[in-house]
Structures are given as C-alpha cells and as structure tokens.
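Thank you for making time for this.

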Amino acid sequence: MALPPYATNNKYVINDARSDIKWRHGRPDYSKTAALYVQEKSSKHTPDSMEEIVENIVKNWEVEVSHKLDPRQWETIDVDNYCFSCNGLSKFTADDLVRLGTYTVLIGKTAYCNANMMTLSESQMGFLRAFGEGFAWEVIELYSGPPNVTFKWRHFGRMTGSFSCPSFSGSIYKATPTNKMVNIYGICKATVSSDLKIQDLQVFFDINQLFAQLTELCPLAPFANIPISLNPSAANQMSESTVNDTSSSVDQSKLAVKDQQSKLNQQSATCAII
C-alpha cells in the first residue's frame, strides 16, 4: 500500500493550495521554522525510514491543528475516533483543539503560566514573538512503529523576542529575551489507523523546562504576588506574644524580612510585572 502524502512530505499541508480550505488566518508561513530545523536539528533520519515518516505525519498534524478551522479537513487524523491528551490528563477532541488551541491544552495552569487566562490568539502571538526565528520540532528516537507508535521528540528555537503571560497568581509578567536556544524534550504515544491517520495522541513532557529557560533572566517574575508565609519559629513567637500580652506589636525585624522577600518576588532583573 502506498503511503499517504502527509507521511512522505512534511510540507504537504502547508503546500495545499485548494481554495476551499478553511484557514484560521490564511495559509501559514513556516519558512523560518523550516530553515531553523535544517540548521539546528540533532538527528539525520534515513530517507523513507519510519523515523522520517513519523516526523512528517506529526509536522503536518501540527499545521492542521493550529491553522485549519474545520477538523473534517484534517487529513492526518481519524476525526471520528480522535482524542488528544497531555501528561495523562483530560482528553480533547478535534473540536476542542480548534476552540482552545494547542498551547492552552499543552500548558494549562502551571506555576509559571496560566494559559487558561489567555485567548487562543494571545497564546499563539506570545510564542511567535518569543521565537522570532521559528520553533522547530524533530523526532530524535523511535521506540515502536505502527499501529502503536512511541517516540522521543525535541522542540527547539532561539528566544529572540520578549515573552509575556499571566502567572499562576494572575499577574502578567514580561521576560527579556535571552537570545539562547531553548530546548524541550518529551515522549509521544500514538495509535494510528491502517492508513496512518492519528486516532489517539498522548504527549508527555515537563512544561517547566520551557518556562525555566524563557525566564532565565528573571526567574522570580512568574512568582510575583504569591503570598509568603512566615517560618514556623516566627509564627510561634507571634502567637506567644499575643497570649502572654508581653508586647503590643509584632517583631519588626521579621516583618522587615518578609517585606524584603515580597519586594524581591515583585521585581527581578530585566523583567516587568504588568
């Protein structure tokens, strides 16, 4: 059986010039990402190998999920039997991904970023701005082939622009670009049909590895406005002071330390809390 075009050409979806395709914002331009991939990839797959085939399918899937509004026009998935999940949590349908976007589904609410407070456009623009040279992706190791495909991947791009998003506390922070290569690693488990359409895609990775690199120059910024509790000994001293009525005021030195910690949480070099 001949392989489907989305398995043999990683630009198949991007090059689809049919007039009836419902693009989110017109046909996307992946030229920068493609150039970055060629320059910085860590693997060189044998032509027509299963590694190359899997990489082609996932790249075409990403374009469809991110840019095609009608899941019925997604050629890389078995739309009636499709589901997507991250780190073993909620399962999402194709319609869910169109509505929420991949960034919201993959990030969710973490200590570094509350993607649920961002619109789809805001999340997309945030990463496009940060990775001005593109954000490339590659398969680096294949563990098993169809129908149950398991592989390790790498997502990479240079942080050339600022990045901002709402933190866990709701405060919006803006981090200055490091101009360094950002690398993320993870695992995927995919069940595919006989014609290599994705039916179940499970992604596993630590999202904190991304944000730790994005906020390298301002590591405290994402944690602004998070209350800092007094240590147990200080709390005990305050309680004893109240019970014994030996002092009408709290130990000022400890309050000063707490105030300094709070201010440090609020401000960090090359970063702004909006």
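Predicted model: local features only at pLDDT ≥ 70, side-chain atom pairs only at ≥ 80, totals over all residues.

**A walk through the model**

Residues are numbered from 1 along each chain as its sequence is written, and side-chain values use heavy atoms, with hydrogens and water left out.

Now the partner of that tyrosine. Tyr-112 and Phe-211 form a stacked aromatic pair, with 6.0 Å from centre to centre and 10° between the planes. The rule is that rings of Phe, Tyr and Trp (its six-membered ring) pair if their centres lie within 6.5 Å, and that planes under 30 degrees apart count as stacked, over 60 as edge-to-face and the rest as tilted. Tyr-112 lies in the loop between helix H5 (102-107) and helix H6 (120-130), whereas Phe-211 belongs to helix H7 (residues 208-214), so the pair ties together parts that are 99 residues apart in sequence. Helices (H or I, at least four residues) and strands (E, at least two) are DSSP runs, numbered from the N terminus. Phe-211 is buried too, with a relative accessible area of 0%.

A tilted pair comes next: Phe-127 and Phe-163 are 5.1 Å apart, centre to centre, with 50° between their planes. Phe-127 sits in helix H6 and Phe-163 in strand E5 (residues 163-166), so that this pair links distant parts of the chain, 36 residues apart. Phe-127 and Phe-163 are both buried. Which residues do ring pairs link into a cluster? They are Tyr-103, Tyr-112, Phe-127, Phe-163, Phe-211 and Phe-223, and the count of aromatic pairs comes to nine.

Let us step back to the chain as a whole. The protein chain has nine helices and nine strands, and of its 274 residues, 45% count as buried. If we take the contacts with a separation of 6 or more, residues 24 or more positions apart account for 66% of them, a contact being heavy atoms within 4.5 Å.

What about the interior? The largest nonpolar core has 54 residues, and those with the most contacts inside it are Trp-61, Phe-151, Phe-163, Leu-210, Phe-211 and Leu-214. Such a core is a set of buried Ala, Val, Leu, Ile, Met, Phe, Trp, Tyr and Cys residues joined through side-chain atoms within 4.5 Å. Helix H3 (residues 50-67) gives the largest share of this core, six residues. A second, separate core of six residues includes Val-13, Ile-14, Ile-21 and Trp-23.

Helix H3 also holds Ile-53, which is buried at a relative accessible area of 8%. Leaving out residues up to four places away in sequence, Ile-53 touches Leu-3, Ala-7, Asp-48 and Leu-196. The C-alpha atoms of Ile-53 and Ala-7 are separated by 5.1 Å, although the two residues are 46 apart along the chain.

Is Asp-48 buried or exposed? At 65% relative accessibility, Asp-48 counts as exposed, and its place is the loop between helix H2 (31-40) and H3. Asn-87, again not a glycine, has a positive phi of about 55°; Asn-87 lies in the loop between strand E1 (83-86) and strand E2 (91-92) and counts as partly exposed at 35%.

Let me end with a few local details. The peptide bond from Pro-146 to Pro-147 is cis, with omega near 5°, and Pro-147 is found in the loop between strand E3 (136-144) and strand E4 (148-158). The charged end of Lys-59 sits over the ring of Tyr-37, 3.3 Å from its centre, which by the rule requires NZ of Lys or CZ of Arg within 6 Å of the ring centre and within 35 degrees of the ring normal. Arg-154 likewise lies over the face of Phe-156, at 3.8 Å from the ring centre.

How values were computed
Buried < 20%, exposed > 50% of the residue type's maximum accessible area, 1.4 Å probe, protein only.
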